[in-house]
Amino acid sequence: MKISVIGCGRWGSFIAWYLDRKGHDVSLYGRASSKHMKEFQETRTNGLITLPESIGLTANLEEATKAEVIVISVNSQGLRALMTELAPLVLRDKIFVLCMKGMEISTGKRLTEVMAEFTDATCKTAVWLGPGHVQEFYKGIPNCMVIDSQEEEVKELLIQNFSNDLIRFYYGNDLIGNEIGGAAKNVIGIAAGMLDGLHLSSLKGALMSRGTREVSRLIKAMGGNELSAYGLCHLGDYEATVFSPFSHNRTFGESFIRGEAYTDLAEGYYTVKALMALSETYGVDLPITEAVYAVLYEGKDPKETLNGLFVRSLKEEF
Ligand SMILES: NC(=O)c1ccc[n+]([C@@H]2O[C@H](COP(=O)([O-])OP(=O)(O)OC[C@H]3O[C@@H](n4cnc5c(N)ncnc54)[C@H](O)[C@@H]3O)[C@@H](O)[C@H]2O)c1
Ligand SMILES: O=P(O)(O)OC[C@H](O)CO
């Protein structure tokens with residue numbers, strides 16, 4: 001398959017490497033101003049991954065849209081700007097694959113809903129979610145992921161053509177649940193980092209249990225399948241987020257508690273805002289999300305906020 005990957009950061013560059021390794025004809029697009037693209041053009045490496053010569057590097061967006069499959073892996077808040085830039089090219093008969101975990105804060109939309117504003121009926125959109133860090137895949141450590149789409153034939157095509165010994169893909173069947181679950185796991189990842197920063201890592205078991213529970217409530221209220229919170233998009237991603245030293249979201253949470261600056265993309269920092277709005281819209285109680293929001297955006301003391309979670313009225317577990 002001829003595939004373009006848009007977004008040449010940590011994840012987009014890995015996807016390009018992975019799909020090239022799978023035998024596809026891959027090119028990687030990055031803006032000419034991008035430091036990631038400059039690094040790849042000059043050295044073919046970003047320190048995490050080295051791209052073989054078989055992967056074309058381009059800073060020409062029109063060229064990137066010639067492929068039949070267009071994978072997008074930019075920061076979630078940047079998707080609308082990217083699609084606005086693509087709009088004059090009038091794209092038809094394309095399959096877009098979103099490799100991103102977030103939601104649009106300004107509208108509260110899931111990323112496939114943002115895509116729907118920009119694509120016509122000839123274009124199809126899928127999401128690719130689940131656990132995995134470049135550092136591990138690149139060493140040959142396998143993992144399981146999920147691809148979901150409203151179009152059955154698109155799921156089939158992508159899963160058949162993308163699976164191999166490194167990634168076992170499952171067929172998703174709950175776009176709402178998978179998108180919300182994938183985005184929300186980054187907020188739980190920040191909470192996990194905060195616990196690490198407070199030397200309370202032993203609470204991560206409870207975080208896993210209660211985090212999945214609150215996300216499952218939200219998914220159900222939004223019309224999705226609550227079980228998706230226990231699937232690869234969310235619970236299945238906790239090892240890579242709640243526990244991994246490679247997780248940007250977990251590291252961001254820990255750095256925040258320590259008062260240290262953190263500059264890499266931590267999607268949960270933005271997603272927490274979108275989840276707060278959804279909590280209100282759907283009337284769903286999201287105590288962990290609220291706690292993360294209070295610490296990040298309202299300047300609340302982390303330890304006191306945690307104590308606040310413990311003194312809420314006592315309730316049934318399920
Ligand atoms: N296991 C997984 O599924 C997994 C793993 C890592 C990251 N991710 C997701 O991938 C997404 C990207 O994360 P990352 O860690 O690669 O971030 P990153 O900051 O390393 O890379 C993002 C890239 O997007 C580029 N970009 C932003 N707007 C653009 C635009 N309009 N046009 C072209 N390029 C644009 C930036 O220049 C940057 O190079 C996030 O949503 C993240 O949650 C998923
Ligand atoms: O490094 P993080 O926290 O952005 O997480 C990356 C992936 O989503 C883990 O599967």
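Student: At roughly what angle do the axes of helix H9 and helix H13 cross?

Tutor: In this predicted model, the axes of H9 (residues 204-221) and H13 (residues 287-297) come within 8 Å and cross at roughly 100 degrees. Local features need pLDDT of at least 70, side-chain atom pairs count only at pLDDT 80 or more, and totals for chains, interfaces and linings use all residues. Residues are numbered from 1 along each chain as its sequence is written, while chains are lettered from A and ligands numbered from 1 in the order in which they are written.

Student: Why is H9 called roughly perpendicular to H13?

Tutor: Angles of 65 to 115 degrees count as roughly perpendicular, under 35 as roughly parallel, over 145 as roughly antiparallel and the rest as oblique; the crossing is at roughly 100 degrees, and therefore H9 is roughly perpendicular to H13.

Student: Which residues of H9 and H13 meet?

Tutor: Arg210, Gly211 and Glu214 in H9 meet Pro287, Ile288 and Thr289 in H13, where contact requires C-beta atoms, placed from the backbone, within 7 Å.

Student: What makes arginine 10 buried or exposed?

Tutor: A residue is buried if 20 or more other C-beta atoms lie within 10 Å of its own, exposed if 12 or fewer, and partly exposed in between; arginine 10 has 20 such atoms and is therefore buried. Arginine 10 lies in helix H1 (residues 10-21).

Student: How do you know whether tryptophan 11 is buried or exposed?

Tutor: Tryptophan 11, also in helix H1, has 21 other C-beta atoms within 10 Å, so tryptophan 11 is buried.

Technical notes. Helix = DSSP H or I, 4+ residues; strand = E, 2+ residues; numbered from the N terminus. Axes fitted to C-alpha atoms, helices over the stretch in contact; angles between N-to-C directions. Contact = placed C-beta atoms within 7 Å.
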